[in-house]
Amino acid sequence: MAENDIALMGHLMRRAGFGAQYEELETRAAKGYEETVEELLNPKDHPDGMDLDLAERYFIEWNHFVRGVPEYITWRMINSARQLEEKIVLFWHGILCISDSKLQSYPTEYEELELFRRDGLGSFRDLLVGISKDPAMVYYLDNCLSHKGAINENYGRELLELFSLGVGMDGEFNYTEDDVKECSRAFTGWTIANSIPQQPYGRYAAQFLYNPDDHDEGEKTFLGETGNFNGEDIIDIIVKQPATARFISRHLYNFFVADDVEVPSWMDTPPADMETIKMLEEEYFRSDYNIKSMLRLLFNSDAFKNARFTKVKSPIETIIGTLRLVGDWATPKPGMEFIFDEMKYMGQEILNPPSVEGWHTGKEWIDGGTLVHRINFAADSVSNTEFPGVKSIIKKLADTGPSLSPENLVDGCLRMLGEYEISEETRRMLVDQNSKGGEVLTDSDDFDTTVAEALRMIVATKEYLYA
Amino acid sequence: MVAQVAPLNFRYSHTIGRQETRGGDGFFNPVAIARGEGDRMYVVNRGTETPVFYPCKRVTICSVDEEYIGQFGFKVHPEDAVRSAPDGALFWPTSVALDSQGNAYVADEWLNRISVFTKDGEWIGKWGEPGDGDGEIDKPSGLAFDAEDNLYMVDSHNHRIQVFNKEGQFQFKWGTQGTGDGELNFPWGIDIDKNGDVFVADWRNDRIQKFSSDGTFLMKFGSSGKGPGEFNRPTGIAVDKDGAIYVADYKNDRLQVFNSSGVFITLLTGEATLSKWGKERVEIDQSFIRARARSQGLDEREKVFQGPISVDVDDQGRVFVTEVPRHRVQVFLKQSPEFHGGPL
């Protein structure tokens with residue numbers, strides 16, 4: 001099997017999922033790239049992608065998701081064989097944002113994540129309808145405070161600005177203040193039932209409620225069309241706008257292919273790769289706004305395949321990817337809290353994006369403090385020779401022959417990490433650091449620690465920040 | 001409300017509990033229950049692993065009339081949840097069983113040990129070694145004593161039942177992983193009827209199996225599904241003095257009742273009302289009372305079982321169902337036919 005096949009598979013699994021161990025890359029590469037893309041888009045294995053019941057047995061708080069939702073999502077990201085499903089949950093969680101700091105209702109937040117898992121690869125139109133009826137969103141963006149004759153524009157504005165059209169495109173505004181108001185009028189009456197208080201029996205999920213008495217039935221003019229629009233009519237108008245195609249295409253590109261400028265700059269800064277964006281826009285309309293179709297085209301494109309190591313990994317990608325690599329948390333055990341602490345220290349607290357705009361991505365993930373946590377977390381994990389994934393790397397390298405030169409040790413470790421590519425300068429530095437003892441005997445007592453040290457040094461490089 | 005299904009009827013009695021994260025009058029993710037002497041009951045609280053909540057892992061002693069009596073056991077930080085955890089510490093407590101003296105034996109699936117407390121909660125011992133050899137255990141789930149004070153333990157990850165004396169000395173065992181008669185797949189709950197026969201909730205096989213006291217397979221019933229007599233991961237099981245079998249059908253959110261032959265009789269889906277402790281809690285803050293009054297559909301949503309994980313039944317025909325995420329126990333009364341005749 002060509003090394004390039006595995007390198008490409010490593011790339012696909014890092015982007016369409018959270019990475020994979022070398023053995024899985026070999027297996028998938030043997031199956032073929034396009035087949036793997038299809039399998040990611042249409043997974044046929046266990047409905048949960050894992051033996052979820054056993055985890056639920058020990059993480060008892062997952063029952064009805066009154067608590068433990070961050071643990072649950074994290075567990076799924078680490079262990080699900082249906083990796084793209086989990087990745088798309090994270091994708092939408094960063095765009096159609098809600099925040100636990102406002103909601104403080106895990107069962108309600110869980111329902112939204114399930115919406116992303118269920119519909120996140122389907123029609124964008126259906127997803128927008130779903131999110132507009134999602135109790136977490138209705139409360140988070142105050143649509144429950146928007147009434148006939150006394151609108152609250154918060155949801156209407158963010159629906160246009162951050163969830164679909166974007167402020168502008170090619171230097172032109174995509175909508176007016178009047179459109180925001182008319183949009184908000186159309187969503188009046190889309191509210192929630194009064195919640196059951198958390199005392200005495202704990203939290204219950206909030207429920208969507210359509211109140212026709214509070215819906216503004218009057219005529220509205222939105223994006224040039226006039227009618228007695230309800231929320232779904234507004235969404236029908238939104239999804240057919242070229243700006244929506246551009247907005248979703250840029251988000252998909254930014255998340256799966258390469259870092260783009262931050263969203264507020266999209267009005268005036270054209271996409272770096274207009275050709276690929278155009279391709280995605282066309283597929284958006286051709287497929288009736290189908291996200292899966294857009295991703296199929298994207299993953300099979302040269303633009304995607306050639307975009308290796310052009311994207312800074314998010315903290316969650318860094319942590320989940322590392323845990324998958326070393327094989328930690330494959331079975332239930334105490335102490336998951338530290339994972340969320342690490343996410344927080346690295347700047348991405350799950351279920352708590354900093355604002356409705358979500359997280360800023362790319363190089364904005366990195367500053368002095370977050371960098372130290374990234375490096376320490378990855379270095380501590382890959383150098384722990386008790387982890388099954390690390391043991392597997394050591395064994396695979398040991399099986400290559402009786403000894404390894406410093407060059408072969410470094411190259412072997414890079415290969416085991418998913419064919420990581422580094423600059424020649426970094427490679428030379430790593431080889432120099434690993435040259436002190438000369439050739440390493442693979443049956444020597446300290447071979448484990450030698451490999452662990454090499455892995456530790458690699459994950460501390462600048463290149464390892466990228467995926 | 002009376003469930004009118006022949007030949008057994010159940011009348012909802014009351015609800016015990018409220019969410020109480022740290023201790024005292026209430027529960028926090030209760031997973032098991034055992035009826036003690038008089039009106040005492042012992043409720044195992046799994047609590048949470050979130051470190052800020054201390055001391056949320058505990059066993060609460062209270063009465064059937066919801067009088068708080070005391071609590072025992074305590075939580076340790078996840079980093080300290082190791083074999084050397086202090087005496088009395090609990091991490092993944094799963095069940096409790098009472099011996100003939102009323103001492104409480106608490107199984108812990110993470111620490112792989114049985115902790116023993118007096119009926120008033122004083123720690124008096126522990127035993128258990130991890131492994132798969134005779135007497136070694138791997139994630140002990142359900143516990144039940146027979147009339148001679150032998151402790152039957154569901155050794156869940158070894159897919160077997162092990163029997164110990166109450167000092168923890170191994171007596172005998174049976175079971176292996178599988179789906180055939182007498183084979184088990186991550187079993188969970190266990191109970192012993194008045195004849196000494198053993199009933200096991202064969203969790204991942206979605207069925208109940210009955211064995212003689214020496215482990216001879218006698219019968220099985222149930223299969224995967226949502227229909228009557230079908231299960232989605234049955235957890236707790238109890239058998240009453242008349243032989244009726246109660247199964248906590250955990251992921252179907254219901255309690256199913258079978259006759260002694262394993263024939264489906266009826267199912268209960270919950271009738272919870274505001275408990276005494278719950279009423280005390282909401283009355284502290286008028287905003288809770290107002291919010292409850294405004295909440296659409298509260299009665300219908302709040303009454304139903306959610307995560308019914310364990311069940312116990314006493315000699316008075318009272319059935320106790322523990323719900324994990326609702327931090328409560330619903331009590332039902334098995335109805336016996338009554339006739340009132342005689343002179344006016």
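This is a predicted model: local features need pLDDT of at least 70, side-chain atom pairs count only at pLDDT 80 or more; totals for chains, interfaces and linings use all residues.
Residues are numbered from 1 along each chain as its sequence is written, chains are lettered from A and ligands numbered from 1 in the order in which they are written, and side-chain values use heavy atoms, with hydrogens and water left out.

Visitor: How many residues of helix α5 of chain A are buried?
Guide: Helices (H or I, at least four residues) and strands (E, at least two) are DSSP runs numbered from the N terminus, and α5(A) covers residues 69-79. Among its buried residues are Y72(A), W75(A) and R76(A), and the cover over the buried residues includes α4, α6, α8, α18 and α19 of chain A. The helix is largely enclosed by the rest of the structure because the buried residues number 10 of the 11.

Visitor: At what angle do α21 and α22 of chain A pack?
Guide: Axes are lines fitted to C-alpha atoms, for helices over the stretch in contact, and angles run from 0 to 180 degrees between N-to-C directions. Contact means heavy atoms within 4.5 Å, and here I393(A), K396(A) and L397(A) of α21(A) meet G412(A), C413(A), R415(A) and M416(A) of α22(A). With axes 10 Å apart, helix α21 (residues 388-398) and helix α22 (residues 406-416) of chain A pack at about 135°.

Visitor: What is the orientation of α21(A) relative to α24(A)?
Guide: Angles under 35 degrees count as roughly parallel, over 145 as roughly antiparallel, 65 to 115 as roughly perpendicular and the rest as oblique. α21(A) and helix α24 (residues 447-459) of chain A pack at about 110°, with their axes 10 Å apart. The orientation of α21(A) to α24(A) is therefore roughly perpendicular.

Visitor: Is E230(B) buried, partly exposed or exposed?
Guide: E230(B) lies in strand β24 (residues 230-231) of chain B, and beyond four places in sequence it touches S223(B), S224(B), G225(B), D249(B), N252(B), R254(B) and Q256(B). The C-alpha atoms of E230(B) and Q256(B), 26 residues apart along the chain, are separated by 9.1 Å. With a relative accessible area of 26%, E230(B) is partly exposed.

Visitor: Where is P200(A), and what is the omega of the peptide bond from Q199(A) to P200(A)?
Guide: P200(A) sits in the loop between β3 (190-192) and β4 (208-210) of chain A. The bond from Q199(A) to P200(A) is cis, with omega near 10°.

Visitor: What is the relative accessible area of D206(B)?
Guide: D206(B) is in the loop between β20 (198-202) and β21 (207-211) of chain B, and has a positive phi of about 50° although it is not a glycine. This residue is buried, with a relative accessible area of 3%.

Terms used:
Buried means under 20% relative accessible area, exposed over 50%, partly exposed in between (1.4 Å probe, protein chains only).
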